[in-house]
Amino acid sequence: MTTAIIFGLLIALMLTGMPISISLGLTVLTFLFTMTQVPIESVALKLFTGIEKFEIMAIPFFILAGNFLTHGGVARRMIAFATACVGHLHGGLGISGVLACALFAAVSGSSPATVVAIGSILLPAMIAQGFPKRFGAGVITTSGALGILIPPSIVMVMYAVATNTSVGQLFIAGVVPGIVLATMLGFVTWYLAWRNGYPRLPRAPFKEVLRTFRESAWGLLLIIIVIGGIYGGFFTPTEAAAMSAVYAFVVSVFIYKDLTLKQVPKVLLDSAALSAMLLYIITNAVLFSFLMTSENIPQAMANWMIEQNLSVIFFLLAVNALLLLAGNVMEPSSITLIMAPLIFPIAIKLGINPVHLGILMTVNMEVGMCHPPVGLNLYVASGITHMGITELTVAVWPWLLTMLVFLVIVTYWPPLSLWLPRVLGMM
Amino acid sequence: MVLKFLDHLEEWLITFLMGAATLLIFVAVIHRYLSGMAIPGVQDFLLTLNLSWAQELCIYMFIWMAKIGAAYGVRTGIHVGVDVLINVLSDQWRKRFIIFGLLAGAVFTGIVGTFGVRFIWELYHTEQVSADLELPMWLVYMGLPIGSYLMCFRFLQVCYQFIKTGHFPRPDHGKVEGIETETDPIAAAIEADDQIRMGGKS
């Protein structure tokens with residue numbers, strides 16, 4: 001009963017269009033004032049201490065690093081490198097788009113940022129080369145979603161915060177699925193282009209590959225700083241994020257010189273505003289999960305599920321359906337923060353690995369970003385291509401279907417995500 | 001005039017906090033590795049510096065940034081909501097819901113701010129200090145009531161403007177700061193025709 005009231009209230013408040021953070025907070029307050037004995041003081045304390053964790057501070061740093069890279073000409077050089085590598089295949093620029101998105105995703109933690117950084121340069125080029133607009137938009141919108149699967153990833157940090165899982169393990173676990181999904185998307189692109197006879201580029205001479213690699217190497221090095229730094233134990237994930245922010249700053253301003261010192265405060269301000277928004281959602285989501293825990297809701301749900309003798313297969317199916325449904329109306333960070341504390345205890349009781357669950361949720365969020373009505377990637381892509389959301393929805397479907405197939409693989413084949421961290425001895 | 005100043009103060013503060021916190025952690029990490037290297041003279045000097053408080057300070061800086069930045073976010077419309085339902089309503093009802101949402105925001109932040117003041121008041125009479133920096137806790141946590149009241153004020157300000165002009169800042173999904181999307185895709189495509197140099201920023 002309590003559960004129904006809490007969620008009913010939350011959903012009702014959300015549907016009025018007010019910020020998600022405010023609806024979370026108001027739900028908690030209403031409940032506290034009317035229905036429970038939890039002392040207000042302990043709630044006030046949560047408001048202060050809810051985000052007092054060093055791991056959470058990785059989020060602003062990764063956002064800052066991503067913003068420097070987006071402005072700093074890193075994307076442009078990565079596209080040139082990707083084009084030199086795979087441009088001669090069928091659907092040349094399209095496959096370059098997938099590869100460039102995967103590379104950029106490995107230095108940035110956000111999907112929409114990847115779509116913008118790669119799409120705004122590559123899409124016009126594709127159209128000029130005679131690709132149909134739909135094809136280009138479809139490739140970039142879906143490949144951009146790699147941004148949150150390939151580490152670093154802001155959604156994974158959110159999951160780690162909500163469930164006390166290790167950020168490092170999650171990052172490493174995202175590597176193999178990220179590469180597999182990129183390959184699958186690339187294959188679909190190649191197949192469609194081959195069947196429709198889309199243009200390809202002349203094979204780039206090896207010298208050209210080397211040159212573009214050297215130019216993009218400064219950006220690619222960031223992958224080594226983040227992954228190598230965390231895996232090698234040189235930095236904590238948060239420190240790695242701060243290092244990559246400083247590194248991205250140096251590369252954009254002093255090496256590539258695509259960003260002037262004068263623009264830096266603006267980049268800082270934008271990153272700060274975006275981080276503040278996410279941190280504010282976290283604060284209120286922590287409050288919300290505190291309320292749920294003090295009402296024993298996740299535990300009760302877990303016990304109920306166990307009593308029903310649910311099989312793991314069915315449970316995972318239900319989780320996927322629930323997350324995809326939520327992905328229809330909300331953005332990834334909020335979903336992860338609200339849903340993860342609910343799903344997590346049940347999953348643990350059913351013997352599902354926490355890291356596997358994290359990767360599964362992240363892939364779900366990816367799918368959610370590419371389909372209407374609230375697919376952020378779609379909106380960003382529509383801003384770049386001037387295509388309507390409906391038309392884009394049609395454009396993305398071959399790749400979206402691929403992602404759904406991939407989601408099934410990730411869900412029911414845990415070794416895909418758990419193999420690498422196990423081999424590396426991280427878990 | 002006062003409002004303009006407040007606007008700028010907000011922006012300066014969060015810009016500064018973002019930059020300073022990044023530098024701080026960067027310096028702390030570099031310090032940790034440099035002081036482990038046996039460079040004569042430098043090592044002794046570095047070992048006299050103790051940067052163990054960096055992590056704590058970074059957390060507090062980001063908390064202040066989050067609180068003030070959240071208020072800045074209300075003014076610039078960065079807080080995301082679920083607007084699928086209200087977008088299909090008639091204009092009149094949509095307007096009512098938006099005003100309701102903004103006022104709800106003001107109420108929530110107002111209440112939280114008041115919690116904060118009461119909490120700080122109690123803390124002020126204790127001797128609690130933070131673990132590493134030994135700052136008085138009431139000072140550290142002051143960001144919460146300040147930020148929350150500021151946010152409350154911003155919600156009311158936005159609400160007033162909305163009633164008066166019918167405009168309010170909202171998250172723009174179609175645009176990510178910094179990359180200006182092409183207004184004319186054809187011209188842009190021609191410009192980007194130069195494959196290898198990839199056209200540069202437009």
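Buried area is the accessible area that two parts lose on being put together, summed over both. Keep that in mind for the interface here. One caution: this is a predicted model, and every value I quote is computed from it.

So, chain B against chain A. About 6800 Å² is buried between them. Carbon and sulfur atoms give 77% of that area. In residues, 71 from chain B are in contact with 81 from chain A.

Which parts of chain B touch chain A? I'll take the polar side first. Four residue pairs are in polar contact between the two chains, counting pairs with both residues at pLDDT 80 or more. Now the helices. On chain B, helix 1 (2–34), helix 3 (54–76), helix 4 (91–124), helix 6 (143–165) and helix 7 (185–191) each supply at least two residues of the touching side. By class, that side of chain B has 44 nonpolar, 18 polar and nine charged residues.

What about salt bridges? The count between the chains is one. Glu239(A) pairs with Arg32(B), and their closest N and O atoms are 2.9 Å apart.

Who makes the contact? From helix 15: Phe315(A), Val319(A), Leu322(A), Leu323(A), Ala326(A) and Gly327(A). From helix 16: Ile335(A), Met339(A), Ile343(A), Ile346(A) and Ala347(A). By class, that contact has ten nonpolar residues, one polar and no charged ones.

Notes:
Residues are numbered from 1 along each chain as its sequence is written. Chains are lettered from A and ligands numbered from 1 in the order in which they are written. This is a predicted model: local features need pLDDT of at least 70, side-chain atom pairs count only at pLDDT 80 or more; totals for chains, interfaces and linings use all residues. Side-chain values use heavy atoms; hydrogens and water are left out. Contact means heavy atoms within 4.5 Å. Helices (H or I, at least four residues) and strands (E, at least two) are DSSP runs, numbered from the N terminus. Ala, Val, Leu, Ile, Met, Phe, Trp, Tyr, Cys and Pro count as nonpolar, Asp, Glu, Lys and Arg as charged, and the others, Gly among them, as polar. Buried area is the accessible area (1.4 Å probe) that two parts lose on being put together, summed over both. A salt bridge is a side-chain nitrogen of Lys or Arg within 4 Å of a carboxyl oxygen of Asp or Glu. A polar contact is a pair of N or O atoms within 3.5 Å; within protein, one must be able to donate a hydrogen and the other to accept it, and residues adjacent in sequence count only if both atoms are side-chain atoms.
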